[in-house]
Amino acid sequence: LTVVIVKAIFGEGTPLKGGMPSGHSALAFSISTAIALITEKPICIILSYLMAFITAQSRVDSEVHTVFEVIVGGILGILLTLLIFHFSMPDTFFILL
């Protein structure tokens, strides 16, 4: 939902295709960040971020997004997930980090 709102603000692309920021990258990095905060297994964390990077790279390779758009999408996904975890578990969030 946040990605659709940001796309409307920037006026680029359509809510479901292209434009600023990349929704696929935002979702991929959001899921990777959630996995990183939930699990303690380094291999799971590494693989999840690798998959997020591959998702972002595929959006650039298919020329749907620019590198900047996928970077902004990734950062947006990470920050929103950290915010959600912070407000849903305020007493334990900083222990996870």
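Q: Which pattern does the chain follow, read along the sequence?
A: The predicted model holds five helices and zero strands. Of its 97 residues, 33% count as buried. Read along the sequence, the pattern is α-α-α-α-α.

Q: Are helix 2 and helix 3 roughly parallel or roughly antiparallel to each other?
A: Helix 2 spans residues 23-38 and helix 3 spans residues 42-61, and their axes come within 9 Å. The axes cross at roughly 175 degrees. Angles over 145 degrees count as roughly antiparallel. Helix 2 and helix 3 are therefore roughly antiparallel.

Q: How do the residues of the contact of helix 2 with helix 3 divide into nonpolar, polar and charged?
A: On the side of helix 2 the contact includes His-24, Ser-25, Ala-28 and Phe-29, and on the side of helix 3 it includes Cys-44, Tyr-49, Ala-52 and Arg-59. The residues of this contact divide into 10 nonpolar, six polar and one charged.

Q: Which kind of aromatic pair do Phe-29 and Tyr-49 form?
A: The count of aromatic pairs comes to one. In the pair of Phe-29 and Tyr-49, the ring centres are 6.2 Å apart and the planes lie at 45 degrees. Planes under 30 degrees apart count as stacked and those over 60 as edge-to-face, the rest being tilted. The pair of Phe-29 and Tyr-49 is accordingly classed as tilted.

Q: How many residues apart in sequence are the parts that the pair of Phe-29 and Tyr-49 ties together?
A: Phe-29 counts as buried at 14% relative accessibility, whereas Tyr-49 counts as partly exposed at 26%. Phe-29 lies in helix 2 and Tyr-49 in helix 3, so the parts tied together by the pair are apart in sequence by 20 residues.

Q: Which element gives the most to the largest nonpolar core?
A: This core has six residues in all: Ala-28, Phe-29, Ala-52, Ala-56, Val-60 and Val-70. The elements giving two or more residues to the core are helix 2 and helix 3. With three residues, the element that gives the most is helix 3.

Q: Which residues does Ala-52 touch, not counting residues up to four places away in sequence?
A: Ala-52 belongs to the largest nonpolar core and to the contact of helix 3 with helix 2. With residues up to four places away left out, Ala-52 touches Ala-28, Phe-29 and Ser-32.

Q: Is Ser-22 buried or exposed?
A: Ser-22 lies in the loop between helix 1 and helix 2. Leaving out residues up to four places away in sequence, Ser-22 touches Arg-59, His-65, Glu-69, Val-70 and Gly-73. At a relative accessibility of 0%, Ser-22 counts as buried.

Q: Is Glu-63 buried or exposed?
A: Glu-63 lies in the loop between helix 3 and helix 4. Its phi is near 60 degrees, a positive value in a residue other than glycine. With a relative accessible area of 73%, Glu-63 is exposed.

Q: What separates the C-alpha atoms of Leu-82 and Thr-33?
A: Leu-82 lies in helix 4 and counts as partly exposed at 26% relative accessibility. Leu-82 and Thr-33 are 49 residues apart along the chain, and their C-alpha atoms are separated by 7.6 Å.

Note on methods
Residues numbered from 1 in each chain as written. Predicted model: local features only at pLDDT ≥ 70, side-chain atom pairs only at ≥ 80, totals over all residues. Heavy atoms only, no water. Axes fitted to C-alpha atoms, helices over the stretch in contact; angles between N-to-C directions. Helix = DSSP H or I, 4+ residues; strand = E, 2+ residues; numbered from the N terminus. Parallel < 35°, antiparallel > 145°, perpendicular 65-115°, else oblique. Contact = heavy atoms within 4.5 Å. Nonpolar A, V, L, I, M, F, W, Y, C, P; charged D, E, K, R; others polar. Phe/Tyr/Trp six-rings, centres within 6.5 Å; stacked < 30°, edge-to-face > 60°. Buried < 20%, exposed > 50% of the residue type's maximum accessible area, 1.4 Å probe, protein only. Core = buried A, V, L, I, M, F, W, Y, C linked by side-chain atoms within 4.5 Å.
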